[in-house]
Amino acid sequence: MKGAKVSPTVLLLAVLAGAPVARAADIIGTITLKGTPPPEIPITPLMDNPDCAAMYTTAPTTHFYVVGPKGELADVVVSLKGVTGKSTGPGQPPAVLDQKGCLYTPQLLAIQTGQKIVVKNSDHCLHNVHCTPTVPGNQEHNDAQLPGGADLTYTFPKPEMFLRFKCDVHPWMFAWVSVFDSPYYAITDKDGKFVIKNVPPGKYTVEANHRKLGAQTQDVEVKDSDATANFTFEVK
Amino acid sequence: MERTGATLQNFEMNANTQNYNPWLHWFIVVTAAATFLLLGSGGMVTSHEAGMSVPDWPNTYGYNMFLFPVSKWMGGIFYEHTHRLLASGIGLLTTVLAVWLWFKVPRTWMRWLSVLAFVLVVLQGVLGGLRVTLHLDKLGIVHGALAQLFFVLICALALFTSRWWMELGRRSPTRREKNSMDKHAVPEAGAPLRRLVLFTTILIFLQLVLGATMRHQHAGLAIPDFPAAYGKIWPDTSAAAVARYNADRMEVISENPITAFQIVLQMAHRLVALAIFIFVAVCAWQAWNIGAPASGPARANGEGRKQAGPEAGAPIVHRRISLFWLALIAVQIALGAWTLWSNKAADVATAHVLVGALAFVTGALWCLIAFARPASQPQVAPDATTPNAFGAAQSTTANRVMATRASLPRVFGAHPAMIGDQ
């Protein structure tokens with residue numbers, strides 16, 4: 001039998017099977033704090049309100065700096081700077097912001113543009129949900145929410161860092177929602193660690209943002225393995 | 001002739017007194033007092049950051065405003081809701097006042113002042129409502145400034161309808177010379193003092209606007225210490241310094257970060273406060289020197305008034321007002337310092353707003369008094385028919401009245417002594 005002819009299609013497939021494929025990877029890192037932050041202060045106005053004070057034995061404190069024993073800094077919002085138009089928000093499950101114990105829980109959230117954020121009132125007193133965006137295109141809302149009342153749902157079409165939610169009935173209540181135009185963001189946990197998942201290969205600028213300490217950036221390149229970006233903030 | 005002159009004076013005095021309507025006057029005084037309370041109520045709303053605690057208007061959480069259950073007046077709602085209720089009361093009082101003045105006071109300019117008061121109170125209500133429904137924080141500054149102007153207007157109406165104002169200048173200069181401590185003897189303030197009082201009053205209003213702008217930044221204290229500013233005479237406002245200030249701030253209620261602009265705003269407020277204190281002190285000094293003799297004591301009994309001696313035209317009113325004004329400014333500066341030292345305690349900050357309002361209205365009323373004087377002091381003999389220092393009162397002698405009116409400057413379109421005409 002003479003030698004069989006190989007189909008060009010099969011040949012192409014074989015070449016492609018052997019070729020290296022660039023895959024998405026994660027950007028991971030740890031954020032630490034150097035120096036001693038100012039001490040947190042008690043939220044004394046909360047204890048002056050009978051509805052709210054009934055839920056506490058002592059006044060809760062602020063949480064501006066959540067720092068671990070080795071300086072691990074939590075509540076830092078990490079994202080890829082300048083990456084826009086990649087939002088998958090509309091298809092994402094809604095993020096949940098609750099009002100419990102006359103405080104917002106969690107106090108820090110990150111969502112995508114077009115993603116729903118559902119605000120609940122788990123307290124026995126009424127609140128007003130007042131979001132105050134500063135970026136044009138994101139609409140300000142101020143809605144009453146009675147105890148046991150219906151959830152309130154919002155979406156924001158524009159990226160914005162630390163969009164503030166507040167309650168004017170209880171003026172110490174704040175939550176900060178960061179809105180991104182891509183799925184590439186994370187918030188550091190109590191160990192100061194973050195993971196931005198499934199980042200396509202390429203060069204990026206990673207931005208770490210803390211409400212009090214400002215922002216830092218770092219350039220990374222994502223290839224076919226995880227990239228690392230560590231940050232150190234300093235209190236002077 | 002002398003008896004005729006004395007008889008005419010007595011008639012004029014009686015006519016003025018009869019024109020005084022105590023019910024009207026005290027109704028306006030009550031309205032002014034209630035307005036002062038409303039200013040305090042509004043101050044508490046801002047001091048407690050409760051301006052948006054009732055999301056709807058004119059309803060309150062869906063209820064008719066007047067039917068909102070008391071059990072729900074909690075937290076910031078208490079301040080905002082009571083402010084709206086008080087404002088409704090002021091609206092009612094002002095409406096009654098406007099109707100009363102319109103139908104009972106024949107003087108056109110008083111009628112139009114009452115209409116202005118009505119328009120202002122309606123405008124205030126609408127501004128307050130729009131600030132909430134349109135989420136326009138800047139409207140809060142306009143709302144606060146207009147409130148001060150409205151307060152001045154109501155106090156001015158109270159002044160114009162007072163017995164004291166109506167009796168201004170009812171006595172002849174001759175009698176005034178004899179009764180040098182007569183409280184109704186208000187000598188000419190002099191153009192320099194009048195201008196200074198007016199300028200200082202305007203400066204106080206600008207300071208009020210500055211203060212309102214500061215309060216509506218919702219950023220707490222841009223500078224936490226006093227009399228230094230971040231430990232210096234003039235604070236560092238570089239980006240790095242402001243970042244450091246924000247990093248160190250631990251605020252519970254006002255969680256907006258501070259900016260360089262806000263720091264400069266507070267420094268401007270401090271400097272203007274100092275300027276106001278100096279100007280008010282100069283006003284007081286000038287007021288105490290009204291009537292200081294240029295030469296010798298006055299001659300008596302028919303020889304005409306010459307250069308007034310120190311015992312003539314005692315400037316009691318101007319002195320008292322100037323001292324009161326100076327005391328108010330001193331208290332206001334102390335309250336400003338206390339506001340900073342107490343980390344902007346709501347009651348202290350609101351007291352600061354209220355004393356500021358009193359300082360503004362004091363200057364405004366002194367302006368009215370200081371400007372309500374004749375163009376020149378006439379030379380008067382005991383039996384003269386020329387007008388006294390503040391114009392003739394209502395008189396059945398038409399020519400005398402016409403001549404008198406022609407000699408007086410106009411205050412709000414009429415002469416002070418004519419205000420009580422009804």
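Into which domains is chain B divided? Chain B has domain 1 (21–161) and domain 2 (187–372), with bounds that come from an automatic or database domain assignment.

Hello everyone, a word on the model before we go on. This is a predicted model, where local features need pLDDT of at least 70, side-chain atom pairs count only at pLDDT 80 or more, and totals for chains, interfaces and linings use all residues. Residues are numbered from 1 along each chain as its sequence is written, while chains are lettered from A and ligands numbered from 1 in the order in which they are written.

Back to the two domains. The C-alpha centres of domain 1 and domain 2 of chain B are 25 Å apart. Their contact takes 19 residues from domain 1 of chain B and 21 residues from domain 2 of chain B; residues are in contact if their C-beta atoms, placed from the backbone, lie within 7 Å. On the side of domain 1 of chain B that touches domain 2 of chain B, helix 5 of chain B gives the most, with 11 residues. Helices here are DSSP runs (H or I, at least four residues), numbered from the N terminus.

Now for the inside. The largest nonpolar core has 65 residues, and B:Phe151, B:Ile154, B:Cys155, B:Leu157 and B:Trp325 touch the most other members. Such a core is a set of buried Ala, Val, Leu, Ile, Met, Phe, Trp, Tyr and Cys residues joined through C-beta atoms within 7 Å. Buried means 20 or more other C-beta atoms within 10 Å of a residue's own, exposed means 12 or fewer, and partly exposed is in between. Helix 5 (residues 137–160) of chain B supplies the largest share of this core, 13 residues. Both domains of chain B give residues to this core, so it lies between them.

Let's look at B:Phe151. Its contacts are B:Thr35, B:Phe36, B:Leu39, B:Ala357 and B:Val361, not counting residues up to four places away in sequence.

Is B:Leu146 buried or partly exposed? B:Leu146, found in helix 5 of chain B, is partly exposed because 16 other C-beta atoms lie within 10 Å.

Finally, the chains meet: 23 residues of chain B are in contact with 27 residues of chain A. Helix 9 (239–248) of chain B gives the largest share of chain B's side, five residues.

Key. Helix = DSSP H or I, 4+ residues; strand = E, 2+ residues; numbered from the N terminus. Contact = placed C-beta atoms within 7 Å.
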